[in-house]
Amino acid sequence: MIQMIVKRLGLILFVVFGVTLVTFFMSHVIPGDPASLIAGQRASEETLQSIRQQLGLDQPVWIQYFHYLGDLLTGDLGTSIRTQRPVLDELITFFPATIELAIAAFAIAIVLGIPLGILAALKKNSIWDNLSRVFSISGVSIPVFFSGLIVILIFYGKLGWLPSNGRIALDINPPTHITGFYILDSIFTGDMVALKSSLQHLILPALVLSYAQLAVITRQVRASMLEVMSQEYIRTAVANGIKGRLLIISYALKNALIPTVTVIGVAFGSLLGGAVVTETIFGWPGMGKFVVDSISYLDFPAMMGFTIIISIGYVLINLIVDIIYGLLNPQMKQ
Amino acid sequence: MVKKLSYVLLMIITAILLTACKENANAPTSSETTPDETTPTETETTATNPDQLVIAIPADVTSLDPAITMDNSTWKIIYNSYERLVDYDGATTNIKPGLAEKWEVSEDGKTWTFHLEDGHVFSDGTPVDAEAVKASFDRTLKIANGPAGVYSMVSEIRVDDPMTVVFVLSENFPPFLSTLAANYGNIVSPTVMEHEENGDLGQNYLAENTLGSGPYKLTEWKKGDSLKLEINEHSKVKPTLKSILFRIVGDPSVQRMQLEKGEIDIAEGIPVDQIDSVKGLENVALIQEPSLLADYIYINTSKGNAALQDEKVRQALNYAMDYESLVSAVQLGYATQMRGPIPDGIWGHDESVHQYNYDVEKAKALLAEAGVENLTLELLYSDNKTWWETEALAIQSNLADIGVTLNLNKVAYATSREMMEKGEFDLALGVWSPDFGDPYAFMNYWFDSANHGLAGNRAFYTNSEVDNLLKEAATNNDQSARQETYKQIQDIVMEEAPYILLYQKDFILPMSKDVKGFVYNPMLEGIYFLSEMSK
């Protein structure tokens, strides 16, 4: 097990190298000159040339790439063309917000999705099953920009229960920076005012973001539960008088969860991606908007930094999925 | 079973709707509201605070350094943190004293002498003097970014005495004064050099801080969330509003709801198609003024389809546009058809200049005269402006009426800029707004053959007579003579039609009725004179 983990962590190096290579050349192949976006609408050739020189864009692409790799080895992700700030600083500013939102959405999706799936499977073809089906189908088919606006309209516009925008109320200071996650930081520092406000701001975007994944998880759990429940060992267990919670949780669910874990792993990746739209609607100061703006500005260093971090994230998530696999299924430990 | 299910669903939906409606019906009108009754979220208290103005902006801003940024949305944040040698006077494009109480220009227009007013102090306590002004401009020129390009004609900056600074230009450039009133004329404190890292002239520091003598200074920037300005105690100007909060709200519908609830005072991100829904709100006033933003089509007169080199074909395209429908379909009426390249609102605009009208027959006749049949053209545009999609479709149908096939080529914004620079298009959609209040900002950029490409002459238009006249207009200090020359040029270029001038857009801004003292200056579109505003 430990050997596997070490091996996989070593793999990250190769993944990062591959990702930098592909992203760097892809982003440089797109026609477009960041200098002309910075210089304003009526920049002269001299101005453009001076900006290109400052950014190192006047050199051949492969030299630019080697410079980038060299800096990367020393932990320098470069300076953002658009904001003129070190990319690493930008990532540190925006990344925790996105991760916090994604984790909250993820937790909601799992906590609600698994029981709903079990319920749907056990009461197959009942009203609960049908309700959960309606719920799931709308989850996958209603786009976030629509469901987002609807919940804002109801909970902010009509009821006035929850805020519409941002991560914390404007007149409340964010908790002291420890992890960058407002919820955790405010718990650590005992700042209850910040905690309350952060939670209020987190609920709606997390719910909206979780909806699609919640639907997928529910359907997956239902399907694999049904499959497991029809297997012979369950029939044997039932024949032996095992029933109720013991049967469902210890006998059926444990096996049904194996394929679900894969889906959940993928779901977390989609949550990070899906956060872009959610962040825009809820004014959530996360990675999503930063990256979209960077792309439209052809801000290579920012795009590269983001891609590297996300790919490391994916490798880690896959690793965690595999570890959980092993815990659920002893056969896979080898 | 299905019946039962639909009952349950129906009940849930009714319950949600009932709660929503009931809350609404019971909600007290804003005048009756007591603070206790509206406490659902802490954020609601911010806009109602009479000392604080809350402005919703659609996106976060980039580097705040005046020597770097060429972005209007950033200018509005920092404009009030700095002072300039001169300023625009109220709502006009006239120039009034700023840091300089008076100034003189030499006979040949190349030497400008500014006498500074006493008593101006930067936010860190450093006094504003001639050395500081010189240091600020030297820094801008050394950084050699967009703003330096504006001052490329400055050859020397000299300090004659502690309160007198002299600019020597390499050539006569009458709009010079006007460039000093814009954002790149902001004077930065020389103490910025104390924050220098690796020879960056303090760029890193000023990217996130302000260091000027204006009435406000930036005190907080929560990235992706909000920016806060508070009073600069050292400033000579004493404003009423204690703080200004720029709040990033990306979604227009959310902005509308926040404006309705009084959570924000000004909503900057509401597109024209949602303006009507804001108009009906009781507490909201709609600012509507003609802007200097021109929306037009570049006709590639030398590198595009060969037929476009014929003046008659270009005129035909001009006559093919249904200007009135374009304004009403694309801008919902919040725009006016242009007359000549200089928009209404800048001196030099002339009501006697020829304006193309919608005349399909004339357009067809001109095409026939030119001997052009089955013409197929490509229209380049990007996602930079939300309305371009509709506009492109309208133009396509207009041209179909005169027998011209138009293929639409939509690309990413950065790509479109590159293609414009290289001239890889037949027709392209564009917008232009002036950086200083002088006809130069339109005429010399659009028509001088030295400016082919992104620099401004995006039609790749060349006419040596026009070039000479433009030079004459640009190097003469007599405004009425210049106006005459520009009129002459306008007559030529309207005849030769290297562009299709569509419309100048209106500036629309929904604002709470509580906000007082807002002045719209077309040269400083979207920029607030915060020290004159109150609630």
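1. Residues 101-122 of chain A are 100% helix and 0% strand, with their end C-alpha atoms 32 Å apart; helices are DSSP runs of H or I of at least four residues and strands are runs of E of at least two, numbered from the N terminus. In residues 134-156 of chain A, the corresponding figures are 91% helix and 0% strand, and the end C-alpha atoms lie 25 Å apart. Both spans are among those that an unreviewed UniProt entry lists as "transmembrane region" in chain A, the others being 9-30, 199-217, 256-282 and 302-328. UniProt positions follow the numbering used here, feature names are shortened, and annotations may be inferred rather than shown by experiment.

2. The model is predicted: local features need pLDDT of at least 70, and side-chain atom pairs count only at pLDDT 80 or more, while totals for chains, interfaces and linings use all residues. Residues are numbered from 1 along each chain as its sequence is written, chains are lettered from A and ligands numbered from 1 in the order in which they are written, and side-chain values use heavy atoms, with hydrogens and water left out.

3. In chain B, four strands form an open antiparallel sheet in the order β4-β5-β7-β6; two strands pair if DSSP finds at least two bridges between them. Strands β4 (100-105) and β6 (154-161) of chain B stand at the edges with a single partner strand each, so one side of each has no neighbour in the sheet. From one strand to the next, the twist averages 20 degrees. Helix α4 (residues 130-143) of chain B packs on this sheet and touches β5, β6 and β7 (164-169) of chain B, its direction making about 165 degrees with that of β6(B). Contact means heavy atoms within 4.5 Å; axes are lines fitted to C-alpha atoms, for helices over the stretch in contact, and angles run from 0 to 180 degrees between N-to-C directions.

4. Strand β4(B) is joined to β5 (residues 111-116) of chain B by five antiparallel bridges, and Trp103(B) has Phe114(B) as its bridge partner in β5(B). Phe114(B) also belongs to the largest nonpolar core, of 118 residues, where it is listed with Leu85(B), Phe167(B), Phe176(B), Leu399(B), Leu427(B) and Trp446(B) as touching the most other members. A nonpolar core is a set of buried Ala, Val, Leu, Ile, Met, Phe, Trp, Tyr and Cys residues joined through side-chain atoms within 4.5 Å; buried means under 20% relative accessible area, exposed over 50%, and partly exposed in between (1.4 Å probe, protein chains only). A second, separate core of 64 residues includes Ile12(A), Ile99(A), Ala252(A) and Leu253(A).

5. Strand β12 (residues 284-299) of chain B pairs antiparallel with β17 (residues 499-512) of chain B over 12 bridges, and Pro290(B) stands opposite Asp506(B). Strand β12(B) also runs antiparallel to β16 (residues 427-432) of chain B, over six bridges, with Tyr296(B) opposite Gly430(B).

6. Strands β14 (residues 376-382) and β15 (residues 405-411) of chain B pair in the parallel sense over seven bridges, and Glu378(B) is partnered by Asn407(B).

7. Leu332(B) has a positive phi, near 50 degrees, and sits in the loop between α11 (323-330) and β13 (335-337) of chain B; its relative accessibility of 44% makes it partly exposed. Asn374(B) has a positive phi near 45 degrees, lies in the loop between α12 (360-370) and β14 of chain B, and is exposed at 71% relative accessible area.
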